[in-house]
Amino acid sequence: MARKSDQLTPRQRQSQQIMRRKAAKKKRRAMLRKVTLIGGGVLCVAAMGGGVWLWKSGTAARTAHALVDGAYGLTARSGFVVQALYLEGRNRTSMEDIDKALGIKKGDPIFQFSIGEARERLEKIESVKFAAVERALPGTLYVRIVEREPVAMWQHQGKMALVDDNGVVMNGLDITPYQHLPLIVGDDAPKHVGELMAILATEPELARRFAAAVHIGERRWNIRLSGDKGTIEVRLPENNPSDAWKKLAELQSHQQLLDRDVKVIDLRLEGKMFIKLAPENMPGKPANARET
């Protein structure tokens with residue numbers, strides 16, 4: 001005997017499928033309403049006469065946790081579990097750090113996942129500047145991160161680390177792809193790296209000669225440039241270092257100062273400049289003299 005479903009027309013079968021989907025959706029909504037009622041019940045118990053004793057004894061807390069866990073279980077059985085996670089913006093941040101910050105795996109109840117707490121944990125990762133987390137029911141999570149951009153390498157206590165333009169140090173990242181970045185030295189150098197980048201940007205021709213910068217006494221920079229005769233140390237002043245940097249650029253343009261056998265250019269005193277030549281070029285030194 002033919003089954004009743006075999007006697008249905010294609011249009012009738014389609015209508016039947018639509019009705020089944022609507023029924024399933026209605027069931028899920030009913031489950032959610034049930035979860036809401038359970039959550040409200042916990043609050044009511046705490047507000048009633050016996051609530052004080054319950055909270056002090058810890059019974060209410062345990063009951064609350066049990067009810068919440070049960071609620072998550074109901075939603076999970078209704079299909080509200082993590083099935084897919086989409087991550088956008090990751091370039092240098094390790095997946096291990098991201099997985100640890102999210103703290104969730106496939107099959108976990110999606111309502112148990114706290115979006116706000118996950119975002120906070122993500123933004124505690126040194127290489128992450130901003131994070132956004134969204135939940136799309138029934139089972140999808142969208143995670144977007146904006147990573148910090150390294151602008152310099154910091155040499156400190158024999159180790160190297162990347163630094164962004166806000167002075168945030170990113171330990172543990174592979175520095176190999178960033179060997180071209182400016183090298184900075186000094187205990188507090190990262191905090192002042194933005195100032196250094198601004199100074200260098202004002203005179204691109206000088207910046208091309210940049211080798212390293214040392215922050216001195218938490219006050220000012222010594223910049224090492226590559227000259228035609230070797231490395232030259234430029235001592236910038238504490239106040240108005242950009243003006244001194246501009247003055248150096250003018251001297252290089254008109255007198256090619258960096259092409260000479262110079263070792264130190266001291267610009268710390270406003271309106272004055274002191275130049276230290278290489279020892280062999282100092283006046284009064286015999287041509288055949290040697291360093292001891």
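Is Phe80 buried or exposed? In this predicted model, Phe80 counts as buried, because its relative accessibility is 6% and buried means under 20%.

**View 1. The tilted aromatic pair of Phe80 and Phe111.** The structure holds 2 aromatic pairs, and in the one formed by Phe80 and Phe111 the ring centres lie 5.5 Å apart while the planes stand at 50 degrees, so this pair is tilted. Phe80 sits in the loop between helix H3 (59–77) and strand S1 (84–88), and Phe111 in the loop between H4 and helix H5 (115–123), so the pair ties together parts that are 31 residues apart in sequence. Whereas Phe80 is buried, Phe111 is partly exposed, with a relative accessible area of 27%.

**View 2. The stacked aromatic pair of Tyr86 and Tyr142.** The rings of Tyr86 and Tyr142 are 5.4 Å apart from centre to centre, with 15 degrees between their planes, and the pair is stacked. Distant parts of the chain are linked here, since Tyr86 belongs to strand S1 and Tyr142 to strand S3 (residues 140–147), 56 residues apart. Tyr86 is partly exposed, with a relative accessible area of 47%, and Tyr142 is likewise partly exposed, with a value of 39%.

**View 3. A negative surface patch that includes Glu96.**

Key. Residues numbered from 1 in each chain as written. Predicted model: local features only at pLDDT ≥ 70, side-chain atom pairs only at ≥ 80, totals over all residues. Heavy atoms only, no water. Patch = residues over 30% accessible without salt bridge, like charges linked within 9 Å, V, L, I, M, F, W, Y side chains within 5 Å. Areas by Shrake-Rupley, 256 points an atom, 1.4 Å probe, with all protein chains shown as cover. Salt bridge = Lys/Arg side-chain N within 4 Å of Asp/Glu carboxyl O. Lys, Arg positive; Asp, Glu negative; His and termini not counted. Charge placed at Lys NZ, Arg CZ, Asp CG, Glu CD. Phe/Tyr/Trp six-rings, centres within 6.5 Å; stacked < 30°, edge-to-face > 60°. Helix = DSSP H or I, 4+ residues; strand = E, 2+ residues; numbered from the N terminus. Buried < 20%, exposed > 50% of the residue type's maximum accessible area, 1.4 Å probe, protein only.
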